[in-house]
Amino acid sequence: MSSDTARLLRLTGPVAGYPLEPSNEELAAIAGLPVTAIVRYDMNTLGDGPLPAVREAWRQWDPAAVVEYGDLGYRRLRAAIGAHAGVTPQRVIPGSGADELIRLVTTAVVGPGDAVVVPTPTFPMFAVEAGLAGASVVAVPRAHPAARQPAEHIRDAAQESSARLVWLCSPNNPTGDGMPLAEVSAIAGGLEAIVVVDQVYLEFAIAAGRHDLDVLGLDDGLDNVLVLRSLAKSHGLAGARIGYLVVPDSLAERFDALRLPLSVGAATEELAVAALADPSAADGRWAAIMREQSRLADALRRLGCEVLDGVGNFVTFRPPDAVALADALLRRGLVLRAYDVGIMAGWLRATARGAGENERLMAALDELLG
């Protein structure tokens, strides 16, 4: 008998998990700086800290509630998300961040031998979860980071591979561009596959004036399209872990049965409901961040970098030497996302944070690239 206990698992071959980012403590040790000097421009989290309603809800939350379970039906939470997204609460499937929901969809739709179409480059979890489910990934690559794949190429890949699942990302991470609704319809219409559109960055795109990207606004009656969103980026709840799916009416009962019970904790639910109850504060924050995003993009162009036109809360750019620039910024406590393989090799991604933090980054960029 083999001594490898992995023989007892369903998938016994190599497992490729999500690449882990180093902690603040690890980065501080590399840079030779105190942890307090580290600023994460690599995680696309909300600039300028918690929204006022989130801070107040945390202050008022009674820790005694931690010993009890919350509402298994998430009635208040689903009502609040439904009002924000413009859908009925029954269509809302909450989860512990978008990652849990990516796994939920993947395991509900595919298994060993199935195909999953993933236009690349995009969020790595789509491919990671497909692999963990035993499915094969059919990548549809871009010719250049700025050149989105034609919709017909994605649809052809799905049909030729008999894919059961197609992932789209709009605005796309890491390129920042949005997919027009006509392209989503061209891919999903009549396709015998579940099509999921990751719209985690949608609120920032709307703040930038792109009101034509919201997949929930499709009026084509597509019953195979799911939308993935999160309050991590938009409402500053990355550490609290809260995401949601919006599913068609025909799949609402099925996905409600498939989801984990109470994966969203009671404290997180309180923070999410509070954040969604103050839309004007969130609107103001998104507008401010997208002004900062535009300012950062313009500064990088003036410094001679190639900059992608994006509508997320980040700027993706190619400097003369990405490795050297990322290292020099890290030595100053400024952490950017670097890409070292594939079509994104040589590119960096920087979150547009608050004005003060962006001033610090732009001053360093002026010094290093000017």
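1. A salt bridge here is a side-chain nitrogen of Lys or Arg within 4 Å of a carboxyl oxygen of Asp or Glu. Asp327 and Arg331 give a handy example, their side chains meeting at 3.3 Å, N to O. Asp327 is partly exposed at 36% relative accessible area, and Arg331 is partly exposed too, at 40%. For these labels, buried means under 20% relative accessible area, exposed means over 50%, and partly exposed lies in between, with a 1.4 Å probe and protein chains only.

2. A word on what you are looking at: this is a predicted model, in which local features need pLDDT of at least 70 and side-chain atom pairs count only at pLDDT 80 or more, while totals for chains, interfaces and linings use all residues. Residues are numbered from 1 along each chain as its sequence is written, and side-chain values use heavy atoms, with hydrogens and water left out.

3. Searching the whole structure turns up 23 salt bridges. As background, side chains of opposite charge can pair when their charged atoms come close. One of the bridges joins Arg337 to Glu21, with N and O 3.0 Å apart. Arg337 sits in strand E12 (residues 337–338) and Glu21 in the segment before helix H1 (24–31), so this pair ties together parts that are 316 residues apart in sequence. Helices (H or I, at least four residues) and strands (E, at least two) are DSSP runs, numbered from the N terminus. Arg337 is buried at 17% relative accessible area, while Glu21 is partly exposed at 27%.

4. Where does the partner of Asp214 lie? Asp214 bridges to Arg229, the closest N and O atoms being 2.5 Å apart. Arg229 belongs to strand E7 (residues 225–230), and Asp214 to the loop between helix H8 (202–207) and E7, so the bridge ties together parts that are 15 residues apart in sequence. Arg229 is buried, with 3% relative accessibility, whereas Asp214 is partly exposed at 22%.

5. Some charged side chains join up in a network: salt bridges link Arg142, Arg148, Asp177 and Glu183. Glu183 turns up again in the next point, as one of the H7 residues that meet H6.

6. Helix H6 (residues 151–160) packs on helix H7 (residues 181–188) at an angle of about 20°, with the axes 8 Å apart. Axes are lines fitted to C-alpha atoms, for helices over the stretch in contact, and angles run from 0 to 180 degrees between N-to-C directions. H6 and H7 are therefore roughly parallel; angles under 35 degrees count as roughly parallel, over 145 as roughly antiparallel, 65 to 115 as roughly perpendicular and the rest as oblique. Their crossing is right-handed, a term used when the near helix is turned clockwise from the far one by less than a right angle (left-handed if anticlockwise). On the H6 side, Ala151, Ile154 and Arg155 meet Glu183, Ala186, Ile187 and Ala188 of H7, contact being heavy atoms within 4.5 Å. That contact has 5 nonpolar, no polar and 2 charged residues. Nonpolar covers Ala, Val, Leu, Ile, Met, Phe, Trp, Tyr, Cys and Pro, charged covers Asp, Glu, Lys and Arg, and the others, Gly among them, are polar.

7. Now to helices H2 (residues 52–60) and H11 (residues 266–276), whose axes come within 8 Å and cross at roughly 145°. This crossing is right-handed. Ala53, Val54, Ala57 and Trp58 of H2 meet Ala267, Glu270, Leu271, Ala274 and Ala275 of H11. By class, 8 of the residues in this contact are nonpolar, none polar and 1 charged.

8. What is the class make-up of the contact of H13 with H14? The axes of H13 (residues 322–330) and H14 (residues 355–369) come within 11 Å and cross at roughly 130°, so the two helices are oblique to each other. Leu325, Ala328 and Leu329 in H13 meet Leu361, Ala364, Leu365, Leu368 and Leu369 in H14. The contact has 8 nonpolar residues, with no polar and no charged ones.

9. Helix H5 (residues 125–132) has Met125, Phe126, Val128, Glu129 and Ala130 buried. These buried residues pack against helix H4 (97–109) and strands E3 (115–120), E4 (136–141), E5 (165–169) and E6 (194–198). Just after H5, Gly134 has a positive phi of about 85°.

10. Finally, take a look at Ala277, in the loop between H11 and helix H12 (279–302). Ala277 is exposed, with 63% relative accessible area. Ala277 and Ala80 are 197 residues apart in sequence, yet 7.5 Å apart in space, C-alpha to C-alpha.
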